[in-house]
Structure formats: C-alpha cells, structure tokens
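Student: Please pick one part of this model and go through it closely. I would like the cut-offs stated along the way.

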Amino acid sequence: LTGLYNKHIFTEFLQKECLYSERRGNPLFLALGDIDDFKAINDTYGHRIGDEVLSRMGLLCQSSARTSDIVARFGGEEFAWLIKGGDKKNIITLLERFRTKVSSSEFPKFIRLSISIGVADFFSDGQDNPEHLIERADKALYRAKANGKNRIELSLHNDV
C-alpha cells in the first residue's frame with residue numbers, strides 16, 4: 001500500500017544496524033511518526049481515501065529519506081525511519097523538513113495532515129538494544145502527541 005518496508009522487514013534491518021552501530025560506534029537514530037487524527041479521515045471519508053492518504057504518505061517518506069535511510073510502515077498510520085549517521089541537530093533538521101512537507105502537502109479530498117514524531121538515538125556502548133530504542137522513540141512520540149501534535153520530541157535519557 002505505501003511502497004515501504006513492513007514492520008517485520010524493518011525490524012530485521014533494525015537488529016542488523018544496531019549491531020553494526022555497536023561494533024563501529026556509528027550514530028544511529030530511530031524516528032517514529034504517527035499521522036495526527038488519522039481515525040477522523042477514515043470516519044469522514046472512508047477507508048479507501050484513508051488508504052490513498054497512507055499511499056501518499058509513503059511517497060513523501062521515500063522522497064524525504066536519504067538513500068542510506070530505511071523507512072517502513074510500522075503500524076496502521078505509524079511510520080518508522082532508521083537514520084544512520086549524523087548528529088541530533090542534523091537529524092532534527094531532516095525530520096523538521098519532513099514534518100513541514102507533510103503539513104504543506106495536499107492529500108486526496110483536499111485533506112491537510114500533520115504528523116507527530118518521536119526520535120531516539122542508539123547507545124552504542126553495549127548497554128542498549130533494538131527493543132529499548134523502539135521504546136524510547138515511542139515514548140518521545142507519545143510526548144509529541146501529548147504536547148500538542150504536529151511536532152518532534154526527542155527521547156530523554158530516563159525513557160528507558
């Protein structure tokens with residue numbers, strides 16, 4: 001539907017990239033994005049339009065990602081973005097451009113969307129794992145939703 005990897009394939013990439021990051025000490029970030037108020041789209045316009053919105057979101061994800069990034073549909077209206085290399089400032093800039101692109105795009109039926117994003121970085125000190133990385137990004141995503149939506153929140157070190 002979205003042209004992106006599914007959660008199962010993404011999880012395999014995540015496992016490998018975490019191991020690689022741990023071995024090499026290379027920066028690795030996970031961003032989890034969730035379309036704000038997506039249920040209202042399905043309730044108002046029906047699931048066919050909801051599917052079109054998801055398909056268009058997949059295209060936006062692909063066009064915004066760097067060639068080294070791995071992007072997937074992680075759940076219903078949730079997307080995961082594995083970003084290799086860079087620093088927090090550059091990653092936030094990249095994701096902010098994406099968030100703005102989503103907000104300024106027109107979807108089917110003239111629908112305007114926003115997306116909330118949670119970001120976590122992998123600790124390559126041997127004390128982290130993919131499950132904790134997902135958990136931290138997810139907690140940051142929930143903070144983005146709770147703090148007004150259409151925003152990016154970073155993982156806090158006490159999110160583990």
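Tutor: Exposed means over 50% relative accessible area, buried under 20% and partly exposed in between, with a 1.4 Å probe and protein chains only. Helices (H or I, at least four residues) and strands (E, at least two) are DSSP runs, numbered from the N terminus. The model is predicted: local features need pLDDT of at least 70 and side-chain atom pairs 80 or more, while totals for chains, interfaces and linings use all residues. Residues are numbered from 1 along each chain as its sequence is written, and side-chain values use heavy atoms, without hydrogens and water.

The buried residues of helix 1 are Phe10, Leu14, Glu17, Cys18 and Ser21. These residues cover an arc of only 110° around the axis, so they are on the same side of helix 1; the arc is taken from the directions from the axis to the C-beta atoms. The buried set packs against strand 1 (28-35), strand 2 (70-73), strand 3 and helix 5 (130-146), where contact means heavy atoms within 4.5 Å.

Helix 1 has 18 residues (7-24) and should span 26 Å at 1.5 Å a residue; its end C-alpha atoms are 25 Å apart, which agrees. The expected span is 1.5 Å times one less than the number of residues. After helix 1 comes Gly25, with a positive phi near 75°.

Aromatic rings come next. The whole structure holds three aromatic pairs. In one of them, Tyr5 and Phe13 have ring centres 5.0 Å apart and planes at 55°, so the pair is tilted. Rings of Phe, Tyr and Trp (its six-membered ring) pair if their centres lie within 6.5 Å; planes under 30 degrees apart are stacked, over 60 edge-to-face and the rest tilted. Tyr5 has 39% relative accessibility and counts as partly exposed. Phe13 is also partly exposed, at 27%.

Lys7 meets a ring as well: its charged end sits over Phe74, 4.6 Å from the ring centre. For this, NZ of Lys or CZ of Arg must be within 6 Å of the ring centre and within 35 degrees of the ring normal.
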